[in-house]
Amino acid sequence: MTSVQMSAKDEMVEQFLDYASRGDLAKVSTMISHYSQLLKESGRQGWTALMLAARHGHFDVVKALLLNGCNKDLVNKSGQTAHDIAKFWGHRHIARFLSSSGDVTLQGVLPSNKSRENETFFSREYLNRMSDKRTDLEWLSAKQSSPETVFIVFYNLDPFVTTEPEEMKQPKLKLYRFGKDSVKEVIEKSDTVVIFLGVEKQECSPSSPVSKEDGLIAWFALNTNNNPTESLKVTTSNSFFLTRPMPRLLMLNEDEAGIVVQARSVLAWHSRYSFCPTCGGETKVDEGGYKRTCLTEGCRSLQGIDNTCYPRVDPVVIMLVLHPDGNQCLLGRKKTFPPGIFSCLAGFIEPGETIENAVRREVLEESGVAVGPVQYVSCQPWPMPSSLMIGCFAVAVSTDIKVDENEIEDARWFTRQEVIDALVKGNQAVFFMPPKQAIAHYLVKHWIGINSNL
Ligand SMILES: NC(=O)C1=CN([C@@H]2O[C@H](COP(=O)(O)OP(=O)(O)OC[C@H]3O[C@@H](n4cnc5c(N)ncnc54)[C@H](O)[C@@H]3O)[C@@H](O)[C@H]2O)C=CC1
Ligand SMILES: [Mg+2]
Ligand SMILES: [Mg+2]
Ligand SMILES: [Mg+2]
Ligand SMILES: [Zn+2]
């Protein structure tokens, strides 16, 4: 390392230690979020930031440092720990906190995560995708002409659904299951894209007829941009294309919601990527709809693995940020939300970014709040058009809010009680929650459910 680099680093360490001595929580948090190795650094006489914050009685800085994984057992050149220092200088609450086993650290604020998989709406897999069959053209073709095969139909990415008359008040929607003869005409049209979704898991459909050939009931989905109603042979009333999919897709039954998210995301990719993104040439649909191959000889997309050929999934972090006091959470609203609704902050993961860093960046960008520990909770495929919402809890290490008005309209800390009221009291609450099928709702409920004595 050159002397210039050395002095730049020394300067940064000195500044960090100075902020800790002065109790500047925001600066300390920002520096840690960029250079976590600062937590291990010490200055004159081996004093770390934790020791300096303990010396000067800055409880919030001590907490933030510990939440970020700072080692409280380090000693200075006089052999004192941060705890010894806090005790010596009479900061009893800090000494008590440092001598406790770190209850208010990560484990204290975050609900315990019992490593079970948390199921969200859209996440249930009703079909076995059978990806090995996507290249078996003979098998795919036999299935497409089998009388047991199920086809679901989309028009401009809206699924054709049906509802029972007695359920009209609170309709639970079902996908309309077409047979091969009903969709024959539509499939033959040149703009129609057909994809293979998978086969019914055997245990899910004990009453379904069993296919003669291999016992597997295949499902396909198709999308067209020309209204196919005339050519489809529909035998029931109360059946229609589900326009304005959000929030109406949330009325699907849970088994079929998983099928729709798979089909709609892949079909949306086909409708947006008609030509090769590498050379602009024409492409053909391959692998049961899971690939588009460029037809231009020598195109770079034909060499090696090229991700433009495959359907895209956009990872999004969505996080419930918890206040360091463990009793409040940060929720925000976009201008486009219906009045009164507050939700978890969210944002797209950028290339080269971890889930944890995306959570920290998006929260800081949108609300000005610095985040320390991040814990994954659950995820949700979201068919608008192909996001994967990655749900996390995160612990704030600073609490002042400065909203980025380009992204959101408002962000606030809500108390546990206000959140409980929003969940149970509806109209009498100070704000509204997103619908129960959204992962934001799930995260909030999970936080309340685990930590409260309800
Ligand atoms: N904010 C919320 O409370 C919730 C958001 N969502 C969904 O999460 C997704 C991301 O949340 P945002 O707050 O909008 O993200 P965000 O905070 O990253 O901001 C969105 C902006 O990011 C840019 N962007 C970067 N990568 C993108 C990509 N792959 N696709 C589209 N735009 C991209 C665009 O300029 C876009 O306007 C949205 O699709 C939204 O529907 C879902 C539930 C709740
Ligand atoms: Mg953002
Ligand atoms: Mg956002
Ligand atoms: Mg963003
Ligand atoms: Zn190409």
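**Figure 1. Glu-366 between two magnesium ions.** In this predicted model, Glu-366 bridges the magnesium ion (ligand 2) and the magnesium ion (ligand 3). The two ions lie 3.3 Å apart. Glu-366 belongs to helix α12, which covers residues 355–367.

**Figure 2. Protein donors of the magnesium ion (ligand 2).** Which residues hold this ion? The protein donors are Glu-362, Glu-366 and Glu-407, each through OE. Their distances from the ion run from 2.1 to 2.3 Å. Along the sequence, the donor residues follow the spacing E-x3-E-x40-E.

Figure 3. Is Glu-366 buried or exposed? Its relative accessible area is 4%, so Glu-366 counts as buried, the limit being under 20%. Glu-407 has a relative accessible area of 33% and is therefore partly exposed.

Figure 4. An unreviewed UniProt entry lists residues 311–437 as "domain: Nudix hydrolase". In the model, this span is 17% helix and 37% strand.

**Figure 5. Confidence of the prediction.** The protein chain has a mean pLDDT of 89, and 91% of its residues reach 70 or more. Where pLDDT is low, the predicted coordinates should not be read in detail. For the complex, the predictor gives an ipTM of 0.96 and a pTM of 0.77.

Key: Residues are numbered from 1 along each chain as its sequence is written. Chains are lettered from A and ligands numbered from 1 in the order in which they are written. This is a predicted model: local features need pLDDT of at least 70, side-chain atom pairs count only at pLDDT 80 or more; totals for chains, interfaces and linings use all residues. Side-chain values use heavy atoms; hydrogens and water are left out. UniProt positions are given in the numbering used here, feature names are shortened, and annotations may be inferred rather than shown by experiment. Helices (H or I, at least four residues) and strands (E, at least two) are DSSP runs, numbered from the N terminus. Donors are N, O and S atoms within 2.8 Å of the metal (3.2 Å for Na, K and Ca); water is not among the atoms, so sites may look incomplete. Buried means under 20% relative accessible area, exposed over 50%, partly exposed in between (1.4 Å probe, protein chains only). pLDDT is the predictor's confidence in each residue, from 0 to 100.
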